[in-house]
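Please go through the packing, the cores and the backbone geometry of the structure shown here, one question at a time.

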Amino acid sequence: MRIKKHSTLLMLAVLLVATLATARCGAPATQAPEPTKTVVEPTKAPEPTKVAEPTKEMVEEPTDELAKLLEEATAYAAGAEGDVTVTYMSSGTYDKAAEDLAAEVMPKGLNVTVDALPWAVLAQTHTSDLISGAGQYDVTSIAGYDNAEVFEFFEPLDAYIQRDNWGQGMLEGLMYEPTGRTPFFHGKQIGIPYAFDAYGVLYRTDLLEQAGVEPEFETWVDLVEACEKLQESLDGTGIYPWVFSYGSVEQITNIFFGEYQGTYISKEGKYVLETDEAVRTFKVLKDMLPYGPPDQMALNIDEMVSIFLDGRAAMMACWPSFARAAADDPTKSEIAGKWAQMPFPGKGFVNLAQWNLSIPKTTQDKELAWSWIKAYTSEANSRYMLDKYGIGSVYESVYSDPDVIESHGHDLPVAAENLKRGHVFPLSMEALDFLARTLIEYLTGTTDAEAAVAKVNQQWATFPVVDARLELAEDAGLVEK
Amino acid sequence: MINAPHSGGRAPLRAAAASRWTNLKHAIGEKGWLIALLMPSLVILLLGQAYPLLLSIYLSLVDFSVAKGPTPGGFVGAANYAAALDDAVFVSSVKITLTIALVATISELMAGLLVAYLLAGERWWHRLSRTILLMPAMIAPVAVGTMWRMMLNSEAGIVSVGLRALSVTPPNWFGEANSAMAGVIGVAVWEQTPFVMLIYAAAISSLPTAPILAAQVDGASRWQIARYIVLPLLFPATMIVLMFTVVDSLMLLDVIYTTTIGGPGFATHSMTLWIYFQGLRYFNVSYAAAMSWMLTALAGITAVCLIWVRSRWLSANL
């Protein structure tokens, strides 16, 4: 019966965490020497070019090209022999790319076990593993500051980075400085970026052109006005001006982050929203509701993307990597060649899904782990992941490659620009969930904007802000002055 | 003959051993002997259940949240329990949980009894129907939730398409607070009714035939027989079913997680979901432990009340 399945299991799970935590072996690894900081000369991102009509060849590189890239990436793990267990989000992209590379390095002596976990349990799995000292994973994939509570359990990577001069050529602001993109703890870099996704708005080029709408909005208020124009233009077509996955609870905060121009943490170090600005933002978000499908409040990400790919919506806000590869594939999409990404609207910040590889302090052979990190985060593998899985590359050179500009010019250069305006959010999962759910309550008419913001602030005052997130918020100017 | 000396040598040994055995049994006594036999099981139970449960009580009385530190903090008494009572989401989750438990239990009882009564019999189609209707209980609850989420999709779900074919506008199932609650309860009822039907089917098949035949001879209608004979005779089974379904509904998590994840907003945030989020998503371990005990207390009190009602009924009627 479920009584056994849930009640007992839940309590036992909680207990297990605590038991392991009390018994954790906390022998910290030797601190790496303080490295000198290296600054990458910023290069200008290429201007977006005209949308190219996709062909089969653009979508899939010839196999020998991909094999060559994998071979090049494998060279970074040369001489590394032993077993490494790594985690990735189970997405059919990052994890599959890791499996491809793992198959390539295995004959050379590096046995990599790829443990792909759903996003919903990835962070909690890491947390349990780290605080218990179980040491199940040698390399972990961490998304932004999702694991900020346990950043102290990760090995500082500055010495490795300096020794191997790693990260040269990556996008401006990704490495070396705590800019809210790559994870830092007390000034030390603890992750190497391998992929990023800047939250974006994808649109139908033909429909916006037909409606006379310029795909560049300073704020979300402007986007709402464009929806009105699109509504008139699309009348009777069955196409919605806008689609969004309100049913995937935390997604709505990505739009909030873009429009809201206030701070998130008070001088006293407590989470708090600036009331007037937050109320204004809540109301703007509600103004968008009339332009989406009637069941939008229940839509999850997959359902939303499906509506956009079927050609039933003119604009969609999403993580572009969830739609990019399919949207360009004529066999999976009705809109291939008819879509593009616009600069993310709003004067707030663009939220980043910034994926990094880190080494827990419990890892026995850190050099072996570092070998895998180098192979996976190398420029060659980054290009492989883009070409095969549509994963946004972290290397600047990719965006000036004529082939990429031709095949992804409608999308990736804008994504790279959005990245420069973005960083990860400074909220704990608890604070994020509470904001998202209260916002949804307001959008579904359960409460009014003023009461909703007051409710958020009241609850937020009880949530602790950990050091790593406070440092992030200070660097990003999100702390009350 | 060859073995005789040996056999002769063993006999006194056996007798001595038997004597020592008898003396030992006598010394320990029957009660002590029973305890000795039960000891291995008791030790396993103690280690497997009592220790974690006691540890969770301890955790609920200290301050342990990963955001504050990776090890348990100091003793805070009942602060975590008091915090739960001050937590608007928790209070709301109690109401939501009780609503789900009440509505789902009543629906499951009525539907299960009705189906079991209608399908009572041993003809092949009775057995086949019962087997088919048992299938929802054999599907993993997570799969049930996912399946129903797809079927209730307002645009393309088979239920919505069917309703549109009948010129009925389908509700926005999981997009509005009330319909989301209805959806969650509906899915839970669909999943749990076969279990209720199974218990009732077994109870109905074992009912004494004499009172029913006597009522038929006296000219009682089918409804009168059901109302005045079958239902009272099924009361003990009803109490057992009630205990299982109430507790099961109080613990509902998988269906909620796979259909609404507690949304929209906090509209379907049950106690179990809030405990799950607090314990395994936010790592507020002590707070989650305290709320788990409050949920366990709620389930325990409900079960005790039902047992009391059942024993009162049995003593009054037997």
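Buried means under 20% relative accessible area, exposed means over 50%, and partly exposed lies in between. The model discussed below is predicted.

Q: Is A:Tyr176 buried or exposed?
A: A:Tyr176 sits in the loop between helix H6 (158-164) and strand S4 (184-185) of chain A, and its phi is near 75 degrees, a positive value in a residue other than glycine. Its relative accessible area is 9%, and since buried means under 20%, A:Tyr176 counts as buried.

Q: How does B:Ile261 count at its relative accessibility of 31%?
A: B:Ile261, which is placed in the loop between H11 and H12 of chain B, has a positive phi near 45 degrees although the residue is not glycine. Buried requires a value under 20% and exposed one over 50%, so at 31% relative accessibility B:Ile261 counts as partly exposed.

Q: Are H3(B) and H7(B) parallel, antiparallel, perpendicular or oblique to each other?
A: The axes of helix H3 (residues 88-118) and helix H7 (residues 177-205), both of chain B, come within 6 Å and cross at roughly 40 degrees, and their crossing is right-handed. By class, the contact of H3(B) with H7(B) has 20 nonpolar, five polar and one charged residues. Angles under 35 degrees count as roughly parallel and those from 65 to 115 as roughly perpendicular; H3(B) and H7(B) are therefore oblique to each other.

Q: Which element gives the largest share of the largest nonpolar core?
A: The largest nonpolar core has 233 residues, of which A:Trp242, A:Tyr264, A:Met315, A:Trp372, A:Tyr376 and A:Trp460 touch the most other members. The largest share of this core, 13 residues, comes from H7(B).

Q: Which residues does A:Tyr376 contact, leaving aside its neighbours within four places in sequence?
A: A:Tyr376 is among the residues that touch the most other members of the largest nonpolar core. With those sequence neighbours left aside, its contacts are A:Tyr88, A:Tyr94, A:Ala97, A:Ala98, A:Leu101, A:Tyr194, A:Leu357, A:Asn381 and A:Met385.

Q: How many of the contacts in chain A between residues at least 6 apart in sequence join residues at least 24 apart, as a percentage?
A: The secondary structure of chain A comes to 19 helices and eleven strands, and of its 481 residues, 62% count as buried. Among contacts in chain A between residues at least 6 apart in sequence, the share that joins residues at least 24 apart is 78%.

Notes:
Residues numbered from 1 in each chain as written. Chains lettered and ligands numbered in written order. Predicted model: local features only at pLDDT ≥ 70, side-chain atom pairs only at ≥ 80, totals over all residues. Heavy atoms only, no water. Axes fitted to C-alpha atoms, helices over the stretch in contact; angles between N-to-C directions. Helix = DSSP H or I, 4+ residues; strand = E, 2+ residues; numbered from the N terminus. Parallel < 35°, antiparallel > 145°, perpendicular 65-115°, else oblique. Left-handed = near helix turned anticlockwise from the far one by under 90°. Nonpolar A, V, L, I, M, F, W, Y, C, P; charged D, E, K, R; others polar. Core = buried A, V, L, I, M, F, W, Y, C linked by side-chain atoms within 4.5 Å. Buried < 20%, exposed > 50% of the residue type's maximum accessible area, 1.4 Å probe, protein only. Contact = heavy atoms within 4.5 Å.
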